[in-house]
Amino acid sequence: MTTPALFDLDPSPSLTPPCDTAWHGEVFTRQWVVETILDLVGYTPERDLASLVIVEPACGAGAFLGPIVARLSASCRTHGRPLADAAQAIRAFDLREKNIHASRVLVTNRLLEEGWDAAGVEAVVDSWLAVGDYLLRPHLERAADFVVGNPPYLRIEDVPDSRMAAYRSSCHTMTGRADIYVGFYEVALRALRRGGKLGFICADRWMHNQYGKLLRQLVARHYSMDLVLRMHDVDAFHGQVSAYPAITVISNSAQRAAVVGDTGRGFGERQAEEFRAWVADSDTTTVETSVYRASRLTHWHAGGDSWPTASPARLAVLNDLEGRLRPLEDPATRTRVGIGVATGADRIFVTNDPETVEQDRLLPLAMVRDTASGKMTWGGSYLVNPWSPDGDLVDLADHPRLAAYLRRHQEVLRRRYIATRQPERWYKTIDKVDHRLCGRPKLLFPDMKQTIHPVLDSTGLYPHHNLYYIVSDDWDLRVLGGILLSRVAQAFVEAYAVRMRGGTLRFQAQYLRRIRVPSPSDIASDDRAVLADAFDRRDVATATQATLRAYGLSELPD
């Protein structure tokens, strides 16, 4: 029984470029990589492949089509099917007519070599291949069992404006500076039947960059991320490519256990066979060799925020902790993460002169430099505070010294963007002052450091905007500080945060919130004492060992 036709094979003439266009982004994949992907998605000759549909969105000269047709031919022989039964089993597209011609010659010769009748071969090959733009063609949704390939490597600057506009209109996940491979993922995922699988080798930047957020949301909400194998240093293509490639396998199914792997320069055909065997048959949760390592995760990452980057073994540990522990910011422990006050004019709103304005209009301000030693050493900075405890601006008429001071700087303050939008509130700071923080102990974190640097402010200073803070009703902040000083907390931030030049990390609220912690009551009293003491002494090694015990871990993998 043949499968109904899936696609309208008439290309859209207004959007099909001439065959000599130079922007196609062609990079051809080595055969052993193709064979790996076909095995990982389950496109194997033992199955009745003529009854299934596989799609190659950008077939080029046939790097994927050759192995696909070989497997389909073997399957037809195994299952006693005529080749005509497979007339709808392959759908392959390419923008360039010369690539379709090259693929047609390759596929035809392969089938003829395997003894299929010439007339039958011509008929099925004609039904398999079409010139056209995969992202803009009408497709029947949920009609493919497999979508495999190597989407084009193209930056948005290399795509004609009219075509990019059409892509963005067709693919809602292509936002910001998204390269067009994001659209290939979206269209391919929409095409999958229930249980169908996508297998791409493609840049992995979408898993981490801002432009991949909507695609990450799509995958996390509606699909199962089954496997990611990073191949950044592997000779996977015919030609040099600097695109951070990874093999990804995604299923149209509920999320299940996932495999993450990383490879080195020596990874090749033999190692790929070993890896596929481990994925398919091994009961072990991790594998590590001189050229590749991999781990099984119990679940995948939720939501559209950046997915973590780390070694497979470390990702498995973080994945386990995310599955069984609560986040650092937690209503149950009344623990909150935030950022200090941004003024939009520090030269005016931050002063070291306690006589600048009325005393009740000055807030002692914690600055990054005050935390450098690991102990809070206040440097005498104040915030000139225009906010009342009820959250509104104070009436300048009630504070003559404040009014005089601000009016001396009125010209500068009024030029700020925030003041141009609200001219009558020209003397506001960008952020309101949260008076609940005033006088309250808190942990402070400098925004940019190479290692996590929690510092206890027991005097209740107000944090400047280059400091992030944690306050809690239930935690002993010295105990929590010990946990956050540890390499376990550092590992969470390293996995999610942006690393800047020189190895500096951003310890922003969004990354601190990624840290998972046990319930305070679940930590043994001896470990609480050790954590508090290690925090006071800035002893990272001791804090790490006590944190591992509190988390129920024996070690933190590299």
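Biologist: How many helices and strands does the protein have?

Modeller: The model is predicted. Its C-alpha atoms fill a box of roughly 95 × 55 × 35 Å, taken along the principal axes. Within the protein there are 18 helices and 22 strands.

Biologist: What percentage of the residues of the protein count as buried?

Modeller: A residue counts as buried when its relative accessible area is under 20%. The protein has 558 residues, and the buried part of them comes to 56%.

Biologist: Is helix α6 roughly parallel or roughly antiparallel to α7?

Modeller: Helix α6 spans residues 181-191 and helix α7 spans residues 213-222; their axes come within 10 Å and cross at roughly 25 degrees. Angles under 35 degrees count as roughly parallel. The crossing angle therefore makes α6, relative to α7, roughly parallel.

Biologist: Is the crossing of α6 and α7 left-handed or right-handed?

Modeller: The two axes cross at roughly 25 degrees. In the model, the handedness of this crossing of α6 and α7 is left-handed.

Biologist: How many residues of the contact of α6 with α7 are nonpolar?

Modeller: From α6, the residues V182, Y185, E186 and L189 take part, and they meet L215, L218 and V219 of α7. Of the residues in this contact, 1 is charged and none is polar. Glu counts as charged, whereas Val, Leu and Tyr count as nonpolar. The number of nonpolar residues is 6.

Biologist: In which loop is R334 found?

Modeller: R334 has a phi near 50 degrees, a positive value in a residue other than glycine. With a relative accessible area of 49%, R334 is partly exposed. Its place is the loop between β11 (326-327) and β12 (335-339).

Biologist: At what relative accessibility does R538 count as partly exposed?

Modeller: R538 lies in the loop between α17 (525-537) and α18 (540-551). Its phi is near 60 degrees, which is a positive value in a residue other than glycine. R538 counts as partly exposed at a relative accessibility of 22%.

Methods. Residues are numbered from 1 along each chain as its sequence is written. This is a predicted model: local features need pLDDT of at least 70, side-chain atom pairs count only at pLDDT 80 or more; totals for chains, interfaces and linings use all residues. Side-chain values use heavy atoms; hydrogens and water are left out. Axes are lines fitted to C-alpha atoms, for helices over the stretch in contact, and angles run from 0 to 180 degrees between N-to-C directions. Helices (H or I, at least four residues) and strands (E, at least two) are DSSP runs, numbered from the N terminus. Angles under 35 degrees count as roughly parallel, over 145 as roughly antiparallel, 65 to 115 as roughly perpendicular and the rest as oblique. A crossing is left-handed if the near helix is turned anticlockwise from the far one by less than a right angle, and right-handed if clockwise. Contact means heavy atoms within 4.5 Å. Buried means under 20% relative accessible area, exposed over 50%, partly exposed in between (1.4 Å probe, protein chains only).
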